[in-house]
Amino acid sequence: MQPHVLILHADGTNRDLEAARAFELAGARPEIVHLNQLRAREKSWRDYQILALPGGFSYADTLGAGRLLALDLKTYFADETREFISSGKPVIGICNGFQALVKSGILPISNLQSPISTLTFNERGHFECRWVTLVPQSHTCVWTRGLAEPIECPVAHGEGNFVLRDPALLDALRANDQSALIYARPDGSPAQNAYPFNPNGSIADIAGVCNPQGNVLGLMPHPEDHVVAYQHPRWTRGERGRMGLKLFENGVRYAAQL
Amino acid sequence: MRLHRLIVSARADRDPRAAGLLADAHALGFTRLTRIQVHDLYFVQGELSARELQRLATELISDPIAQTWRVDDELPEEARVIERALRPGVTDPVAEQIVRGARELGIDGVERASTGQRFVIQSTPPLAETELRALARSLLVNPVIHHFALGSLEPIFPQTAEASSHVEFLPVRECTDDELLALSRDRRAALDLNEMRAIQNYFREIGREPTDVEIEMIAQTWSEHCGHKTFKAKIEVGDWRLDIGSTSPISNFQPPTSNLQIDGILKTFIRAATEQIAAPWVRSAFVDNAGIIDFDDEYEISFKVETHNHPSAIEPFGGANTGTGGVIRDVLGVSAKPIAATDVLCFGPQDLDPKKLPEGVLHPRRIQSGVVAGIQDYGNKIGIPTVSGAIIYDDGYTANPLVFCGCVGIAPKDSHPRAPQPGDRVIVLGGRTGRDGLRGATFSSMTMDAQTGVVAGASVQIGDPITEKGVIEVLVRARDAKLYHAVTDCGAGGLSSAVGEMAQEIGAEVDLRNVRLKYPGLAPWEIWLSEAQERMVFVVPESNKPTLQKLCDTFDVELTDIGAFTNTQHIVVRYAGRVVLDLANDFLHDGMPRRVLSARLPQPVSTQHVTHITHHADLKATLLTLLVHPNIASKADVIRIYDHEVLGGTVVKPLTGAMDDGPSDACVLKPIGTRGTRGIVLSCGINAEYGKADPYRMAISVIDEAIRNAVAVGADPDRIALLDNFCWGDPLRPETLGSLIEAARGCYDAALHYRAPFISGKDSLNNEYLGSDGLRHAIPPTLLISAVGIIEDVNQAVTMDVKEPGNAVYLLGKSAMQNSVFSIQYSVNSQQSTVDSPVPGMPEYAPKMYRVLHRAMRAGLVRACHDLSEGGVAVAAAEMCVGGRLGMELRFDDADASALFVEANGCLLVEVRPDDCAAFESLFAELNREIRLIGTVTRDNRLVIAAGGAEKIAVAVDELVAAWNRSK
């Protein structure tokens, strides 16, 4: 079965077309749906097998990136998202979508009242657009499981610095295999907080985290911006592969056999 | 009503925002400062319980993990506080979201909100009050948009005013000439006596006095900004002597022999070139909001570049922010989906001594950081990649920075309707109307002075990219569903201009009472003229309104019906039923008397001096000096804070090479959703130094630069279109107008030479600042040429970084270049000599050579290609080494070292595999004087250049990298 992907569009979402293309190339059937269409019940959550929260600046990132979209999720769709996630369907939040998942308390562990982590201002204090190398680590995560090769794709954000309320929580994340993707040097070794390999100062080089069940993934970088060879910054030098597309293929494959 | 005040600050000790401000403060001379902390202030008005305030603070306003919040705090003794907030009426999207978000949280007591910042300033000893005020003025506060206090600030909310229906009659029928001019001045109408007399005559004929709404609409329609009076004026040329100085041997322009008059600069030079080239792939030139060319069988692409100079000088963030938003709407105005942004910026020197700053002028450092932040904010948030541009520095831009904002759009062919019908509704979509941006059209047509910031405060606005993003979503869908008959943007002149233009052939009647306002109290003329951002006017048949309304509801876009189109050939504006404006179309659009101006052409340039490098110069030092020069060095710090990847189509990025830090000649885009392999190429050319020396050759040079940049990445030289943006001083001075004519003549000659038509352009004149010392600070005559080209197969795009050791390096183009302006003036070891013009002229061979180079690229023979520009062949080679992190060995026969740094037009460096050299050279068989094998790429990480048999430069690539990235 070709999974049907709900690509959630809020006011200010802007990487929805790229996400749709990535899912299409991965073999799924994406549909961009505005929040208001779901609120008006013109569209139903139950018709979709994958949920994607794409990048952008929902509500202009006022009051913190992803904050108001998170509030929408909690206010209008608390039951729907809980049902979607607990049924085991794959969910991915990219950049702004990741920020919304974290700030609504869905990632890294479900805690709607008091989130345990946040994504705050980059250590350098400003937005930055550059290509990074990611190493997939989690075997629990249905999106990264089995990916042997690093992924190269751009980051484009100002608030991507992953911070935990209590640094001790890091051990729990690792123990649960929730550190899904880390920033690395081009050779695949961890960035160890060295700029620009870790572009924002995230703790333990964390670029993406999943929930303990592994079906919800959030990440700051944009794997949907590396799905064709000529998107790579050094393709004229013959550099190929390490595409972000593999992440989407993984998620789609998983959804197809649910 | 209770006012709650919240202070939010970062938990982390290290606040990067604060570090940047401290560095700025030191650079501006406040060296005693030891620390600046930045806190965010939120003012919330309403009846809230303690529990509700707590929830608001932790669940909406602050991030409990990264930030702390409090109602009040104690500060150290040596600390001083400056608080600032936005003036009432300035767009404050955060405040709006607080009210909305509170309701979503179930906290209904919040009436309104406002935001600000608090700066806690520490120094020993503490700053005195006068110093604090000086610091506020020169760094932290812009009185145009902020109010501030030393210590605690009280927010000002917009007054709840009654709706205003006040309309004033402005008697003109009995006015003397002096009174007419006084009226023009009082209304800041920027109209001259002839124009005022034409207005007088019209109202004498129709037998009544005009209203303020009418005078304002005429002033806007007839403004330089909207009417392009100078470019359409008849010009008497005193001394037409084309045989002097800068005549090109292949000048195409035949000057009139008897009557020394130009029948309009636009018609004579710019449009004439386009018409004579008659390229079949040009779909719209100079008619629509943007120029349009064919992309493929399915799509067309549109391109527009605007300036937003005056607003950016006064409020850099807001000026550049709304400049970006404005040019995006130009592209929406041709029913296209915006897919890329370009930005070319001209600033004063960043290290300018603050004491030398003219009164009323912001420091160039502050202007640059504000402008860049404004572009970043709008472009990134609206989700359009900023992919191409340039930054140049010159003393002449200190008081008058230039901000060129461009936007590229894509649309299915013939999908843009242009036919309003009588009976169609006048529909406003997007933002609400406020007092922001009043008289921007006339404001940009005036010289600025120290008072401008205060008086013209209302001209400056802050953008709201998310609202415009909503408009994009609706427009694209409405276009595909064929819901409208025409559309245009609200730019300069607001509704007056948008409705006026679309009603030009038929007529329209609107009622301003229907226009949705940000706050009440606007007089009718203010509503009609407001340049509030993010608004488009659609022409919609009544029957399509419900479908459009549904679309708008989905995307949270406001739709307002303000009237209907008619067949009366009049534009009629009412306020609550009462007529406040009634003007005949033919008077409004054709009644402006054509200006007759006089020009004096520039003097012969044969006596100009240029500097040469002496034979004994330290050439390595010269090269490194050039690489760190602000006009050459890497702009990565700016490029990387723009999102150049969003939309997923950026094939050749602004920075390229082994370490992603080499400067690309141009950008290549493959728009998402298009079939096949075809792509878009974007490039530009600009040169302030040339503009000062020889405007005719400057124009030729920047056109060649834009075209050769595009060709360097793989654009088809037979499919390149050009946009012109002229930024000049006051055209009423004959010598200023003379240099403008010379530049336009250069445009004509070069466009025909390269067969590259102009498809759009914009002039920004009066770029002058009248200092309080009475001196005029004019900018260098500046012409930006933006090029848009087509590449057949993006997989064949070429980047500038050298690829493999052992490859051959060719120099294409004539290197018999006798002179240079730019490169040498920054080096120390130079001497002067005299030449006929310091600016390089038209490379006769270039069009042919570019076509051959393109064939070589199509055949896959070119591994890297980079154009020679500022700093000549040495800098170009150095940049290629930086890009590829490889060395090069180059040999020149000529012992004259200055040739290494000389700028010429029509020159490029090309890297070719040894196996491909024969094929490459045979393509150039007929151009054998324009191709020279000058060396090889080496594994050894050094750039070595020999001339006349002697080694002149040997420098490690690491040193080049450090200089270029200014990371020494």
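Modeller: Chain B holds 30 helices and 42 strands, where helices (H or I, at least four residues) and strands (E, at least two) are DSSP runs numbered from the N terminus. This is a predicted model, in which local features need pLDDT of at least 70 and side-chain atom pairs count only at pLDDT 80 or more, while totals for chains, interfaces and linings use all residues. Residues are numbered from 1 along each chain as its sequence is written, and chains are lettered from A and ligands numbered from 1 in the order in which they are written.

Colleague: Why is chain B called as compact as a globular protein of that length?

Modeller: The globule rule, 2.2 Å times the number of residues to the power 0.38, is set against a radius of gyration taken over C-alpha atoms. For 968 residues the rule gives 30 Å, and chain B has 29 Å, which is close to that value, so the chain is as compact as a globular protein of that length.

Colleague: What makes A899(B) count as buried?

Modeller: A residue is buried if 20 or more other C-beta atoms, placed from the backbone, lie within 10 Å of its own, exposed if 12 or fewer, and partly exposed in between. A899(B) has 21 C-beta neighbours inside 10 Å and therefore counts as buried; A899(B) lies in the loop between β38 (887-892) and β39 (908-912) of chain B.

Colleague: What percentage of the residues of chain B count as buried?

Modeller: Of the 968 residues of chain B, the buried ones make up 57%.
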